[in-house]
Amino acid sequence: MECDVLVVGAGPAGSSAARAAAEAGANTIFIDKKKEIGVPVQCAEAIGEYLIPFLPFRIPEEQLIWKIEGMSFWAEGIAIGRSGGFWSAYAINREKIDEWLANNAIVAGAKLHLETELTDLEFSENYHVTKAIVKTGDEVGEIMPKVVIAADGVHSKVLNQLGFTNLKDKCGEVLSFELNNLNLYKPTYEQLYIGDFAPGAYAYIFPLSKSRANVGVASSFPGKKLERCYAEFLEIPEVKKQLRNGNKVVEKSGWAPIHYLTDKWVYGNVLLVGDAANQNFKPFVEGVLPGIICGDIAGRTAYNFIKGRNLLSDYQKHVKEKLGNFFSESDRLSDVLYELGKPSDKKKHLLRLGISTDIFSPTEIEKLKKERYNILKNKLER
Ligand SMILES: Cc1cc2nc3c(=O)[nH]c(=O)nc-3n(C[C@H](O)[C@H](O)[C@H](O)COP(=O)(O)OP(=O)(O)OC[C@H]3O[C@@H](n4cnc5c(N)ncnc54)[C@H](O)[C@@H]3O)c2cc1C
């Protein structure tokens, strides 16, 4: 097969890229190794309201299944609430939203091939892909694209083929379950917990309704088993009270990038989007809406490149124009939080609580590191 644009991966970033490229007029193929779009879900299913105005299209109201008014943060027995503006969000159903996004791409003219896995890429010079080898069941096929959009997530085969391997230490692991029958103390607040039970990261309770939530623990550093982290998290009295009668509905665990996997988002005729490009915002590793927004830019840039109207490297410039401030802030927070997370102690938990709640600024962190535990605690309790 020949095509203008081959999108590898039909998650939020890939489907958005396929839709944009096809809508612009590019002959677009998007493939996913999954049998069914969006399954299994590997997400806590929250999207920040502040990013909605940056989306290339309107999300139908029925996709926004639960309104989140704010976030509640916990560390060392201190709870801090934040609400409105940046802190408000929606819960979504990832399976449904991924399906809807893929369907939009199909309606725009992109051809979807499910159960089709990219296994190899052939290059000419300078990372220029000439051929993609894909496998559907026992059948092996070849696709000759003008542009490849790598939207194949955190364990990207495209990155691997470009020569980026050993990415595991740049990613964090999350053990997560949807639980029902919960006794949530504030069902319209997302809860984030900082402590040794989530090494360098967070544990969370993200409500999906009054009595249902995604509950997970994340770790940025390998070592402690996540099952043990999860068990320790459930022992926190505030958590225990809410989850005591909870039943596991389904597992939603996965991996997320926490550092840049590459130093660029464009190699030859390959554009990287979504998790394959670490396009998520820290501290919450929020990747769904950034993936959709960057996917849209990648799809349009690919089409304009084929028409000779721009360079592929313009993609990075266009992303910066649209989301540059969010990426800068995210990178700044990410560096500080990562340093504080390895290895963590009680004082560092307080510092991370202060930064996550915007009470402490990353610029004052060196000074705050010298303060005693009780002083920091007093500052936060105030
Ligand atoms: C447990 C967990 C909780 C999270 N919670 C949130 C949250 O609440 N809010 C938020 O915004 N973000 C969250 N994230 C991050 C978010 O899920 C990702 O940033 C987002 O899914 C990235 O979208 P994507 O399209 O880049 O990749 P993905 O959604 O991972 O899609 C990649 C697709 O590529 C396909 N693929 C992979 N390799 C190949 C191949 N070789 N050939 C063909 N297809 C292939 C996969 O099957 C997959 O469908 C969470 C992540 C995890 C792990």
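**A friendly note on this predicted model**

1. The chain splits into domain 1 (2–44 + 91–168 + 257–330) and domain 2 (342–381), with bounds that come from an automatic or database domain assignment. Taken over C-alpha atoms, the centres of domain 1 and domain 2 are 38 Å apart.

2. Before you go on: this is a predicted model, where local features need pLDDT of at least 70, side-chain atom pairs count only at pLDDT 80 or more, and totals for chains use all residues. Residues are numbered from 1 along each chain as its sequence is written, and side-chain values use heavy atoms, without hydrogens and water.

3. You can look for ten helices and 19 strands in the chain; these are DSSP runs, with helices being H or I of at least four residues and strands E of at least two, numbered from the N terminus.

4. How much of the chain is buried? Of its 382 residues, 54% are buried, meaning under 20% relative accessible area, while exposed means over 50% and partly exposed lies in between (1.4 Å probe, protein chains only).

5. Now visit Lys 170, in the loop between α3 (157–162) and β12 (171–180). Lys 170 is partly exposed, at 29% relative accessible area. Leaving aside residues up to four places away in sequence, Lys 170 touches Pro 257, Ile 258, His 259, Tyr 260 and Leu 261. Pro 257 is 87 residues from Lys 170 in sequence, yet their C-alpha atoms are 6.1 Å apart.

Note on methods: Contact = heavy atoms within 4.5 Å.
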